[in-house]
Amino acid sequence: MSETKKRILTGDRTTGKLHLGHYVGSLQNRVRLQHDYDTFILLADVQALTTHFENPGLIHNSIYDVAIDNLSVGLDPEHVTLFLQSQISAIAELTVFYSMLVSVNVLRHNPTIKTEAKQYGYDDLTYGFLGYPVSQSADITFCNADLVPVGEDQLPHMELTRKIVRRFNDMYGETLKEPQAMLSDCPRLAGLDGNSKMGKSLGNAIYLSDAPQVVTEKVRSAITDTNRISVKTPGNPDVCMVSQYHKVFNSEDYDNICSMCRSASIGCVACKKQLSEKLNTMLDPFREKRAYYEAHRDEVRDIIVSGSEKANKVGDETVKKVKDAMSISL
Ligand code: ATP
Ligand code: MG
């Protein structure tokens with residue numbers, strides 16, 4: 001059955017727990033499409049090393065956190081292949097081969113690399129960090145993915161992957177599949193602090209695993225219109241994070257809330273309360289599933305082990321094809 005289905009590959013770095021940005025940017029699409037596509041979900045622990053190599057404990061614990069986040073939003077382990085990047089030798093091998101096809105200058109000018117280097121304060125990039133988009137091309141192509149549901153920050157990496165595939169196929173003959181990116185309706189959810197991206201390494205996120213009172217507290221701390229000094233002053237929803245979240249998570253009330261804000265007929269406290277209630281209602285079923293997996297961590301481990309075995313089989317076939325095409329086999 002699954003041979004006839006197209007394949008999805010996507011995933012997350014194991015650098016911490018997943019947040020609402022992941023949910024609307026990628027996880028929601030994964031859940032929606034999991035029965036129509038043969039879905040591969042990558043726990044990217046090697047890519048996590050590119051920025052968190054000094055914190056192996058965090059990377060290791062995050063393997064379980066990220067796996068449970070994915071399972072708690074409704075990914076069905078009977079249908080999806082959840083696997084660990086470091087266990088897949090094909091990814092490491094393909095990364096080496098693809099690195100011959102990409103110039104250092106192309107990587108240096110990659111806009112996501114530039115933004116992230118600034119975010120981490122890197123002025124001298126490691127070889128591993130600069131090259132992670134090449135490794136990501138290996139993540140995507142080792143399993144012949146057709147579709148990659150991602151947030152907007154990943155588009156430059158998707159473009160690079162497509163270029164590598166075309167270059168490889170032109171040079172060595174048709175071998176690799178050219179994948180397509182899939183953006184969601186909300187490809188970049190902003191952070192509580194007003195940063196244009198909610199990021200797990202940015203400290204500005206509401207996590208899928210946050211308890212109800214934590215969600216309420218965080219929403220209370222979100223940046224609103226700083227010119228709105230009292231409830232009686234009309235507000236400007238265009239510069240308010242809370243209104244942006246209403247738009248995504250409470251779309252049916254969004255227009256009404258914006259007009260009440262502009263006419264000063266709703267205050268920030270009430271507006272934030274509405275939002276946190278809405279978010280907690282959405283998160284409640286995830287919390288139930290999470291409680292199950294937290295209590296059955298051995299089951300989570302088994303899911304990752306068998307997913308990695310399956311992914312390795314697929315990867316070994318791809319590496320054989322690639323080596324044959326490059327005439328580097330005996
Ligand atoms: P880090 O800061 O450690 O890089 P991250 O929050 O960027 O973490 P990743 O694991 O790098 O998370 O990204 C996993 C997926 O989630 C990617 O497809 C990414 O585009 C998407 N994503 C992450 N943050 C957001 C966001 N704020 N809005 C929409 N999509 C997002
Ligand atoms: Mg990231």
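1. Domain 1 is made of two stretches, 2-189 and 296-325, while domain 2 covers 212-288. Please keep in mind that this is a predicted model.

2. Next, the overall dimensions. The C-alpha trace of the chain spans about 80 × 45 × 40 Å along its principal axes.

3. On the fold in general, the chain has 14 helices and 5 strands. Among contacts with a separation of 6 or more, 77% join residues 24 or more positions apart. As for burial, 40% of the 330 residues count as buried.

4. Which residues have the most contacts inside the largest nonpolar core? They are Phe40, Leu43 and Phe83, in a core of 74 residues. Helix H3 (residues 56-72) provides the largest share of this core, with 6 residues. The core also draws on both domains, taking at least three residues from each of domain 1 (2-189 + 296-325) and domain 2 (212-288).

5. Leu43 deserves a look of its own in your viewer. Leaving aside residues up to four places away in sequence, Leu43 touches Gly11, Thr14, Ile63, Val66, Ala67, Leu82, Phe83, Leu84, Gln85 and Ile304. Phe83 in that list is, like Leu43, among the residues with the most contacts inside the core.

6. Is helix H2 (residues 45-52) mostly covered or mostly uncovered? H2 is mostly covered, with 8 of its 8 residues buried. The buried residues of H2 include Asp45, Gln47, Thr50, Thr51 and His52, along with Val46, Ala48 and Leu49.

7. Now to ligand 1, which may interest you most. There are 19 residues around the ligand, and those that come nearest are Gly21, Gly25, Val150, Gly151 and Ser201. By residue class, the shell divides into 4 nonpolar, 9 polar and 6 charged residues.

8. Which element gives the most to the shell around ligand 1? Helix H1 does, with 4 residues. Strand E1 (7-13) and helix H1 (20-33) each supply at least two residues of that shell.

Note on methods. Residues are numbered from 1 along each chain as its sequence is written. Chains are lettered from A and ligands numbered from 1 in the order in which they are written. This is a predicted model: local features need pLDDT of at least 70, side-chain atom pairs count only at pLDDT 80 or more; totals for chains, interfaces and linings use all residues. A residue is near a molecule or strand if its C-beta atom, placed from the backbone, lies within 6 Å of it. Ala, Val, Leu, Ile, Met, Phe, Trp, Tyr, Cys and Pro count as nonpolar, Asp, Glu, Lys and Arg as charged, and the others, Gly among them, as polar. Domain bounds come from an automatic or database domain assignment. A residue is buried if 20 or more other C-beta atoms lie within 10 Å of its own, exposed if 12 or fewer, and partly exposed in between; C-beta atoms are placed from the backbone. A nonpolar core is a set of buried Ala, Val, Leu, Ile, Met, Phe, Trp, Tyr and Cys residues joined through C-beta atoms within 7 Å. Two residues are in contact if their C-beta atoms, placed from the backbone, lie within 7 Å.
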